[in-house]
Amino acid sequence: GDAAARLFGFLAVVHLGRVLEPHAFGLVIIGSAALQYAVLAADLGLSTIGTREMARPPEEQGFRFGSLLLLKLALAAVVFAAYELFVALLYGSAGAYLVLALYGCSVLPYALLIEWYFQARGIFVPVTLSRFAGGAVYLAGVYFAIHTSADISLVPVAFLASTVISALVLLAGKRKDDQLRPPPMPLRAYADMLKSSAAVSTGGFFAQVVQLLPPLASGWLLSTAEAGQ
């Protein structure tokens with residue numbers, strides 16, 4: 001599944017690099033990097049905590065599936081609002097703003113990507129199907145809808161569609177006894193969960209600097225065309 005997703009993503013990038021001008025391709029790269037930072041902030045290590053908790057016997061779990069999912073969705077909503085505000089303040093260009101704002105919409109369905117749930121239980125078929133389906137939808141959307149730089153706003157739409165499809169495939173494969181509705185929990189328990197997950201996520205956040213910071217710095221200090229090159 002991972003190999004298929006990476007192959008589809010590679011072919012999509014090849015197509016975009018072929019049909020888009022440097023400034024448009026730069027916006028795609030900048031938008032992708034900004035989205036990954038937003039996703040890291042919206043997850044905040046909760047996927048790692050979720051894998052640990054779901055791998056335990058039910059009677060030993062500190063947090064239930066529904067509680068983890070609710071917290072991920074709430075955190076994603078906060079990050080989404082902050083992301084859109086940040087983009088609105090920094091990017092005055094109508095074209096650049098639209099593309100980056102559309103990329104931010106994928107933060108919400110990302111919270112529903114419950115690969116951590118299946119990894120904890122050692123069930124990998126739904127993960128494989130999810131990655132394959134999401135990659136195929138993104139590649140098809142990019143290949144059939146993006147032909148010139150004028151179509152650039154459809155790139156984040158295709159990515160959003162692929163993320164939604166991946167999330168739906170995963171949610172369809174979960175066990176019926178793991179309810180989406182969270183059990184009653186005090187707010188302090190959610191705060192403790194966030195505190196634990198934040199410590200886990202710090203290292204991963206800084207590790208991504210090597211890949212994510214250069215295109216953002218190039219676009220901000222130079223130009224979107226330079227980032228595209």
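How many salt bridges does the count come to? There are six salt bridges in this predicted model. Side chains of opposite charge can pair when their charged atoms come close. Our tour follows some of these pairs.

**First stop: aspartate 2.** Select aspartate 2 together with arginine 6, and you will find a salt bridge whose closest N and O atoms are 2.9 Å apart. Both residues sit in helix α1 (residues 2-19), and because they are four residues apart there, about one helical turn separates them. Is arginine 6 buried or exposed? Arginine 6 is exposed, its relative accessible area being 60%, while aspartate 2 has 35% relative accessibility and is partly exposed.

**Second stop: arginine 131.** Arginine 131 counts as partly exposed, with a relative accessibility of 23%.

Now select glutamate 115, which forms a salt bridge with arginine 131, with 2.7 Å between the closest N and O atoms. This pair connects helix α8 with helix α7 (residues 115-121), across 16 residues of the chain. Glutamate 115 is buried, at 18% relative accessible area.

**Last view.** Show Asp2, Arg6, Glu115 and Arg131 together: salt bridges with shared partners join them into one network.

Notes: Residues numbered from 1 in each chain as written. Predicted model: local features only at pLDDT ≥ 70, side-chain atom pairs only at ≥ 80, totals over all residues. Heavy atoms only, no water. Salt bridge = Lys/Arg side-chain N within 4 Å of Asp/Glu carboxyl O. Helix = DSSP H or I, 4+ residues; strand = E, 2+ residues; numbered from the N terminus. Buried < 20%, exposed > 50% of the residue type's maximum accessible area, 1.4 Å probe, protein only.
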